Amino acid sequence: MSDYFINEKDFGDFLKRLVRARNVLGPKAKRGHFVFGRIENPEDLRLDYDVTILPPKKAFFPTCQDLVRFDGDQVSGCIDPVDQVLFGVHFYDVKAIDMTDLLFAERGEDRNYTANRQAATIVASSIQSVSPRAFWGSVGKEVEPKGHDAFLTKVARGYVYQSRTPKGSALLELGKFRKAEATELEAARKADEAVKKKCPETLKYGAAEVAKKVRAAFPDEKLWERLSERCFSCGSCNLVCPTCYCFDVQDHWNVDQRSGARTRYWDACLTSEFSKVSLGAGNSENFRESRGERFRHRILRKASYLNEKLGGPACVGCGRCAAACTADIADPVKTIREVMEAAS
Amino acid sequence: MKRHCSCGVSSMAVHGESGGRDAGANLFLPRKAVILRVEQPTTMERHFTLRLADETPLDFEPGQILEVGLMGYGEIPLGLASSPTRRNTFDIVVRSVGRVSQAINRLQPGDSLLIRGPLGKGFDLAMFRGHSVLVVAGGIGLCPTRSLIQYILDRREEFQRFTLFYGARDPQQQLFLKDLAEWRGSKTVEYFETVDKGDPGWRGNVGVITILFPKVKIDPGTKVVVCGPPIMFKFVIRELAKLGIPHEDIFVDLERRMKCGVGKCGHCQINDKYVCTDGPVFSFAEIKTLEEAL
Amino acid sequence: MAKARIAFFDFASCEGCQIEMTNFGDAAFLELLNHVEIVEFREALSEKTTEPIDVALIEGSFTREADRARLEEIRRRARVVIAYGQCAATGGINALKNHQTDYKEAVYGQDAGMPHLDSDKALPISVVIKVDYNAFGCPINKYEVLQLLSHLVHGKEPVIPSYPVCVDCKRRETVCRYHEEDHCLGPVARAGCGAPCPASGVPCEACRGLVDDANLASIEKVLVERAGFSASRAAAKRMLWTANQGSESK
């Protein structure tokens, strides 16, 4: 594909036509924070956002999603993808989407996710503000984002738009784009490089070293108990994580008491119910009974278990977990540092 | 208004569209199976014999699982309790422990269930053929292993010695009573049974399942299958170590909380493995380094 | 299928949960009436019955020995008993008095000596009779009660969440109260309400009580460190609806 440029003053026009022509989802303000939401008015699009509360995977994997609906004896699927343009996704979230793309497609493709994903166009954008807990500059450097259809970088006097796919190029007709000049491309490259050095937090260890040591720390129950002492088992760290994809499934009837749905909800392995099985007569068994066991599972899953499959850690450094954790114990940078120090 | 879900949380920023236009195979769409026969061996368990509603055979391997459910109630993972060598029907045993199992256990012959599967990895029969086999089943661990037991009995010539240990909590908890009666007198399987606690009518062994080991000689080349409550594994594996059975030859059939059955929902994970897709049958060699397995 | 016979009863409470049920007035509730028959409901019906009932919804806490017989009588008649509302489920806000001695004077002033104000500790009705299910909340979430009844109509054990309110906030993408320099009991509060309060910028007060394994030491620390509470206020804060829960109740 090819690289384009659009003037600052033409950009507003482009957005106006884009939101009229397509279903656009982008970062918008919410009480001083940001969320991905439907953009109907270009002024609502906040490309200067630092990070959103929930990651954009919700566009393909909604926080609750019917899997099967029923009416009496009739049972039907409800895969029905909608065309949407995710506009302004930061590179770390693209990396996370790449991971969920792989995980939902492997060993039996889950069309409830992939159909939505395939129908979407992703326009990534350069990071203009850095969130206070971000560490995307230092984690998983071995993995490059690849699932986006275009990458938009703010440079002097306008934006460089690097189209990577036909879906990315399809948006060009909506704006006054011209071929980018070498100097503009160089400016974009420099801007994207420079911002990666601006993270307030840095993971000082390489992925392979972390994976090995964190895995080896599994039996150190005192360590995990200490790290999780203040944990509420509230699952916030899971629920805001762009690479978490666990879900619960529940059935319910509609009020007519004959139709209803089987629905999946984002779930969290930090909650105490997650691994609990009923044994009958009020008895149950919990395969991860303690906070420490659950806390450990999350860290190992982010730093070790999936590395081989994903080519790097299942963490992109967005810092959402650190920010969402009320007890402030979820920060992977701090946790991994403590585990590494305990191991040495 | 189109909607994505029925959860009632209306403030969701993203509610995609839906309306029934199916865009491909849906992993979560179940098939209908009709209940042909119901037996109730214990107060808690019911044994169902089923056939797919379209009367096609269910193509599965011993040890694989099904997600079995009812719309409005949910689904539960169950090991197939019969062998694919047995006609066009298949068996499951449902223990009344939760909202789904209780609903299923109210069903009668002629009623339907919804199933997904077969799912997961069953017993690798190529590993077993030409060898002696020992099955150690505790409690409802007899249900999933029955798929292998029946298979071996049906293709007896493909295997060498076949030994079966079965332990139940007490005589009232014994499952598959007809099978047990048959096995007790059988020459094709060396069957040993015990109960943790006897009753006045019980003349057999009393004690935990490991008391059966001294009663028969197990050759070192035997392939062993272990399935039962978590506590049982540790002790059985200790006995097997004494017999010099290598870890590669021990196969365990594990159970966990499971929602999707297709390696996505995360509930059945043991360390980095998914019981539903990497298992439920694992070789002990494969899981002995997984702290969360046993 | 015969309609399930449902009755509402109340003990020490404000009857706000019954009011909340009558607030339905929408299609959902009217549709439910096709499947259930309400045989006793003080806020909306004058009839009373003595016949067997399928589901008894009991509101209010047990505060007087004299109420024991009436609770037992309801239990005898009912196939299923639901403690609905926080007063019935845990003692709720009434249980605050279990930790005070001057509450009558504080509330009633010079009338504090009136004999009808005499009562014992406010306790959940489960201390007197077997409760099959709890519908938590002050007031109840009427849609949850609807789901509960819907499940019972089908003979399915209801799903009653035991995870914290944070889960619902995250699913709704609500800005955390702590990110607006506020406080919140969400991390230890039982969810199931859909977290409407934080979504409207109001802290969760745990009106559905505590989750089963609430980390109380941690919430007190958070209230001090992040919300600037004094230690004593932090300890008292979460008591409003949870005075019978946690270590203090023992």
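## Contacts between chains and domains

Arg31(A) forms a salt bridge with Glu180(C), with the closest N and O atoms 2.7 Å apart. A salt bridge here is a side-chain nitrogen of Lys or Arg within 4 Å of a carboxyl oxygen of Asp or Glu. This is a predicted model, where local features need pLDDT of at least 70, side-chain atom pairs count only at pLDDT 80 or more, and totals for chains, interfaces and linings use all residues. Residues are numbered from 1 along each chain as its sequence is written, chains are lettered from A and ligands numbered from 1 in the order in which they are written, and side-chain values use heavy atoms, with hydrogens and water left out.

Start with the interface of chain A and chain C. The rule finds four salt bridges across it. It also finds 19 residue pairs in polar contact, both residues being at pLDDT 80 or more. A polar contact is a pair of N or O atoms within 3.5 Å; within protein, one must be able to donate a hydrogen and the other to accept it, and residues adjacent in sequence count only if both atoms are side-chain atoms. On the side of chain A that touches chain C, the elements giving two or more residues are β3 (33-38), α8 (236-239), β11 (247-253), β12 (259-266), α9 (291-305) and α11 (320-324) of chain A. These elements are DSSP runs numbered from the N terminus: helices are H or I with at least four residues, strands are E with at least two. By class, that side of chain A has 18 nonpolar, ten polar and ten charged residues. Nonpolar covers Ala, Val, Leu, Ile, Met, Phe, Trp, Tyr, Cys and Pro; charged covers Asp, Glu, Lys and Arg; the others, Gly among them, are polar.

How many residues does each chain bring? Chain A has 38 residues in contact with 40 residues of chain C, where contact means heavy atoms within 4.5 Å. Chain A and chain C bury about 3,300 Å² between them, 53% of it on carbon and sulfur atoms. Buried area is the accessible area (1.4 Å probe) that two parts lose on being put together, summed over both.

Now turn to chain B and chain A. Their contact takes 57 residues from chain B and 67 residues from chain A. They bury about 5,100 Å² between them, with 53% on carbon and sulfur atoms. Six salt bridges are counted between the two chains. One of them joins Lys259(B) to Asp248(A), the closest N and O atoms being 3.3 Å apart. β4 (74-79) and α6 (275-278) of chain B are the elements that give two or more residues to the side touching chain A. That side of chain B divides into 22 nonpolar, 19 polar and 16 charged residues.

Between them, about 1,500 Å² is buried, and carbon and sulfur atoms give 56% of that. Pro62(B), Thr85(B) and Arg86(B) supply 30% of the area that domain 1 buries against domain 2, more than any other three residues. Arg86(B) also meets Asp154(B) in a salt bridge (2.8 Å, N to O). The count between the domains is three salt bridges.
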